[in-house]
Amino acid sequence: VLKTMTQAFNSSDCEVFVRYPNSASWNEVSKGDQELFKTVRAKLKELSERLVVDAKAPITLRADTSLTTPNGRSPKEIWCCVRPDSVPNKSYGLQVALIISARGAEFCFCVGSGTSQIGDPAKKREFEKGLDVARAKLRSLPTEVANSVEASQKRKWFYRKLWLAEPNKADFNSLADWLDYASTTEGSGASVSAYFTPAELRDLGAKVYDVFVETLETFAPILGYVYSPSAEQHFWIFQGNPEYYDIDG
């Protein structure tokens, strides 16, 4: 059972990022601001965990939340996301995310960055291979699925090459064009985003969760196509010399 807390964000939640635009050593952050950063993270963590519990999605999901002190410094933004449970590392898969920063909130459906601080080369190659498989599936998304996703959109979504880009601008005119880009190796970090200023985020109040739910429900058909086990194809390959093996048999 999730412990309920106030999920609404207020102006101070965004203003704290304004005071540390270039990041600072955590020891240089005032105690009051440290608590503000922790509160923002706690709200995001609760939202993502709640979404996993409530999710109406064709696949099992898991939640992630970024650190309050990345590399011992103040964060430039704090995010949470829900992603397929089958993806072992969020940087190597598709996800639905909410990012809070000095400029407000960004809700997005996006591709992972494709990079991480993983030291094991074999594990990193395994994760990269998984992202390549997801890209291939994204590239083969049926036109009718893409059309249904666009038709279901309840707000203006911007098709971007990267999350945290300048708000309310588009790099592509359609979901189809975005998919063509996002499914390539250059498409890591590609995002379909909706933006809220600090004032708009404040006015959302607890409805911030409703927008998070809407984001997942809008793009769930794509997650389902890419990651549903029933959508995977498996092949068994027999290799042998026909002089010794009855291949037809």
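Tutor: A crossing is left-handed if the near helix is turned anticlockwise from the far one by less than a right angle, and right-handed if clockwise; α1 passes α2 in the left-handed way. This is a predicted model, in which local features need pLDDT of at least 70 and side-chain atom pairs count only at pLDDT 80 or more, while totals for chains, interfaces and linings use all residues. Residues are numbered from 1 along each chain as its sequence is written, and side-chain values use heavy atoms, with hydrogens and water left out.

Student: Why are α1 and α2 called oblique to each other?

Tutor: Helix α1 (residues 11-18) and helix α2 (residues 31-54) pack at about 125 degrees, their axes 10 Å apart. Angles under 35 degrees count as roughly parallel, over 145 as roughly antiparallel, 65 to 115 as roughly perpendicular and the rest as oblique, and the pair is therefore oblique.

Student: Which residues of α1 and α2 make the contact?

Tutor: With contact meaning heavy atoms within 4.5 Å, α1 contributes Ser12, Asp13, Val16 and Phe17, and α2 contributes Asp33, Leu36, Phe37, Val40 and Lys43.

Student: What makes β1 and β5 stand at the edges of the sheet?

Tutor: The open sheet of 6 strands runs in the order β1-β2-β3-β4-β6-β5, with antiparallel pairing. β1 (61-65) and β5 (158-160) each have a single partner strand, so one side of each lacks a neighbour in the sheet.

Student: How do you know that β1 and β2 pair?

Tutor: Pairing requires that DSSP finds at least two bridges between two strands, and β1 has 5 bridges with β2 (residues 77-84), in the antiparallel sense. Ala63 stands opposite Val82 in β2.

How values were computed
Axes are lines fitted to C-alpha atoms, for helices over the stretch in contact, and angles run from 0 to 180 degrees between N-to-C directions. Helices (H or I, at least four residues) and strands (E, at least two) are DSSP runs, numbered from the N terminus.
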